Amino acid sequence: MEFNSKNEPSFLKVLNFLKTHDTEYLSGQDLSDVLRISRVAVWKSIKKIEELGYKIETKQKVGYKLVDKPKTIFPWELSSGLKTKFMGHTIYYFDEIDSTQRFSHEIANKENNGAVIIATQQNSGKGRIGRKWISRNGGIYFSAILFPKFDISFATVFPMAASLALAKTIEKLCEIKPELKWPNDVTIKGEKVAGILVDVSLQSNKIDYLILGIGINFDINEKEIQKELKKTPNFYGVKSLGEFSKNIKPIKFLQTLLKEIEAIYFELESKEIENIIKEWTKRSSTIGKNVKIPTEDGIIQGKATKIENDGALVVENKKKSTRVIAGDVVHLEK
Ligand code: BTN
């Protein structure tokens, strides 16, 4: 099943009317008269709306009343109440897809800045460094297509900036303060709650487009995923936001996150890197720790001392100070 915000499904008229009149029962005849569609079309719409997980109470000879909504991030639910200037103004939704990141690349050149691709499940979710991202029902998985005006040198800071936006969202909506693990993992009590993957497409040394992919363990079964990932190199545990996000619906969470990402995107476009690095460092669980980073040229080990303006991590030991641009950091202490 898939929807996109450019082609509104026909049942939306009925759904929107039920939503704005959810304190009363509406008869099929009333809906048909007001919306100027046939009784059959009303009935078909009601069936479709129920199929999507909305709860409609039907009283014989009285009519229909909408009593509950599903948690699914349907485009029309995400759009309503989204307060962004451009992020998420085009939305694609898939109940199942291989990878939103892969699909985003496929459509990027025909899309608007800020188009968002969401999936309830991915069967070939991509993680950093060629890893897989397990994407079962309960998580939030999306990619955003972006055409930034900022210079290519900012591309390495962008994933960190996105992790900061996510941390701020969690702080606003949940009862917990997450940590940031270099370069862009969001963790809670040292375990991974979300991952970020940024693909950059270049054209003659300029950013053609950028795909920001975010996977959030919103309400997932930690143990099940833990079991599957145990043998992955540098695996350090999985955390679900579930226990901290009690009453927050995934739609509200994503609306807030898109707004935070947009704010940080504007900050980058106005070259406000220092503030991003400062805010990121404040939340960092890596800075100040003894770390190990396996690289192609061997293992870099020492104390992580700071983040530079291009997102590089500075690691110092008795012998030297090394700038690490990319990699996977292992914390050697709690
Ligand atoms: C990581 O390895 O930490 C990054 C994980 C990124 C996963 C997200 S889920 C949405 C988007 N689609 C993908 O296939 N991957 C990213």
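Glu 316 and Thr 305 are joined through their side chains by a polar contact of 3.1 Å. Here a polar contact is a pair of N or O atoms within 3.5 Å; within protein, one must be able to donate a hydrogen and the other to accept it, and residues adjacent in sequence count only if both atoms are side-chain atoms. This is a predicted model, in which local features need pLDDT of at least 70 and side-chain atom pairs count only at pLDDT 80 or more, while totals for chains, interfaces and linings use all residues. Residues are numbered from 1 along each chain as its sequence is written, and side-chain values use heavy atoms, with hydrogens and water left out.

Glu 316 belongs to strand S13 (residues 313-316); helices (H or I, at least four residues) and strands (E, at least two) are DSSP runs, numbered from the N terminus. With 35% relative accessibility, Glu 316 counts as partly exposed. That label sits between buried (under 20% relative accessible area) and exposed (over 50%), using a 1.4 Å probe and protein chains only. Leaving aside residues up to four places away in sequence, Glu 316 touches Gly 302, Lys 303, Thr 305 and Ser 321, where contact means heavy atoms within 4.5 Å. Gly 302 is 14 residues from Glu 316 along the chain, and their C-alpha atoms are 5.2 Å apart.

Let us step back to the domains. The protein divides into domain 1 (2-68), domain 2 (75-282) and domain 3 (290-331), with bounds from an automatic or database domain assignment. Taken over C-alpha atoms, the centres of domain 1 and domain 3 are 57 Å apart.

Strand S6 (residues 140-146) has seven of its seven residues buried, so the rest of the structure largely encloses this strand. Ile 140, Phe 142, Ala 144 and Leu 146 point one way from S6, Tyr 141, Ser 143 and Ile 145 point the other way, and all are buried. S6 runs antiparallel to strand S5 (residues 115-122), with five bridges joining them; strands pair if DSSP finds at least two bridges between them. Tyr 141 of S6 stands opposite Ala 119. Strand S10 (residues 206-216) also runs antiparallel to S6, and seven bridges join the two. Ile 145 has Ile 211 in S10 as its bridge partner.

Next comes the ligand. It is surrounded by 19 residues, the closest being Ser 99, Gln 122, Lys 126, Arg 128 and Lys 192; a residue is near a molecule if one of its heavy atoms lies within 4 Å of it.

| Residue | Ligand atom | Distance |
|---|---|---|
| Ser 99 | oxygen | 2.7 Å |
| Thr 100 | nitrogen | 3.0 Å |
| Lys 192 | oxygen | 2.7 Å |

Taken alone, the ligand exposes 420 Å², and the protein buries 98% of that; these areas come from the Shrake-Rupley method with a 1.4 Å probe, and for residues only the protein chains shown count as cover.

Asp 328 lies in the loop between strand S14 (321-324) and strand S15 (330-331), and at 10% relative accessibility Asp 328 counts as buried. The side chain of Asp 328 makes polar contacts with the side chains of Arg 131 at 2.8 Å and Asn 234 at 3.4 Å.

Finally, Ser 284 sits in the loop between helix H9 (273-282) and strand S11 (290-295). At 15% relative accessibility, Ser 284 counts as buried. A polar atom of the Ser 284 side chain lies 3.0 Å from the backbone nitrogen of Ile 287.
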